[in-house]
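Student: I would like to learn how to read helices and aromatic rings in a model. Could we go through them together?

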Amino acid sequence: MAQSPQTISRAGEARGVRLRLLPNFELSNHGRRLRLPVTAQRLLVFLAVKERPQHRWAVATRLWADLTDDRSGAALRTTLWQVRRAAPAMIACADSHLRLSPSVEVDLHESVRRTRQLGTDLQVHDGLLDFLSHDLLPDSLDEWVVVERERYRQFRLHALEKLCQRFTEAGEHASAIEAGLRAVAADPLRESAQRVLIEAHIEEGNLSEAVRQYRTYARLLQVELGVEPTTLLTSLLPVAAQTRGVNVNVMHR
């Protein structure tokens, strides 16, 4: 969508502005922390998670759903003024639409972008674990944040598992186990997370750690859900033990 000349001419003013949403809201301009009213924070969060331009009316009615159209529109105008006073050009306006300026650095966007670049080059993974270890604004009760939080949670769980596998394949066992542990911490009942962690322990040659992790998970499943691990997970340890010529009892105690 085309931007007005005024928006384009001021776009550079948002450079150096960084918006942090993982796990909590924090806004800074060239390293200096900026403080905003809660309403202004909610507006920036909304535009950040939506990414695409949003119509002013849609923004106003979503963020101020308990107000009339006139009052919600007035609230949006006041909030836009508050944001622009703190950091000009953070929000681009064109054709009755609003969007976060592309020059604003958002940790959520960076996390998604870098995760999608996951490959065999381990240098791409530097620092990615820190991004993937946090939920999106866990203290927010806004319905639209809850939806986006769950979407990002699923995204980061898959990413942590994939990262664990990449490190395991590369022989980077310590990093693999760290990624696996963070995936398990994010969702202890998720079997795919447990599986990649157990596989990392096996590949490192630590069958005892693999067995311990399996038993911990099996006990948790029994207590929380009253079920047993799947055959896919249970079969990992006997196969690994047979390959190494040792005996192992995977039954949890």
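Tutor: This is a predicted model, in which local features need pLDDT of at least 70 and side-chain atom pairs count only at pLDDT 80 or more, while totals for chains, interfaces and linings use all residues. Residues are numbered from 1 along each chain as its sequence is written, and side-chain values use heavy atoms, with hydrogens and water left out.

Student: What span should the 14 residues of helix α8 have, and how far apart are its end C-alpha atoms?

Tutor: Helices are DSSP runs of H or I with at least four residues, numbered from the N terminus, and the expected span is 1.5 Å times one less than the number of residues. For α8 (residues 173-186) that should be 20 Å, and the end C-alpha atoms are 20 Å apart, which agrees.

Student: Which residues of α8 are buried?

Tutor: Buried means under 20% relative accessible area, exposed over 50%, and partly exposed in between (1.4 Å probe, protein chains only). In α8 the buried residues are A176, I177, A179, G180, A183 and V184. Seen down the axis of α8, they fall within an arc of 160 degrees (taken from the directions from the helix axis to the C-beta atoms), so they line one face of the helix. On the other side of α8, A174 and A185 are exposed.

Student: How is a pair of aromatic rings described?

Tutor: A pair is described by the distance of the centres and the angle of the planes. Rings of Phe, Tyr and Trp (its six-membered ring) pair if their centres lie within 6.5 Å; planes under 30 degrees apart count as stacked, over 60 as edge-to-face and the rest as tilted. Here the count comes to two aromatic pairs. F46 and W144 are edge-to-face, at 5.1 Å centre to centre and 85 degrees between the planes.

Notes:
Helix = DSSP H or I, 4+ residues; strand = E, 2+ residues; numbered from the N terminus.
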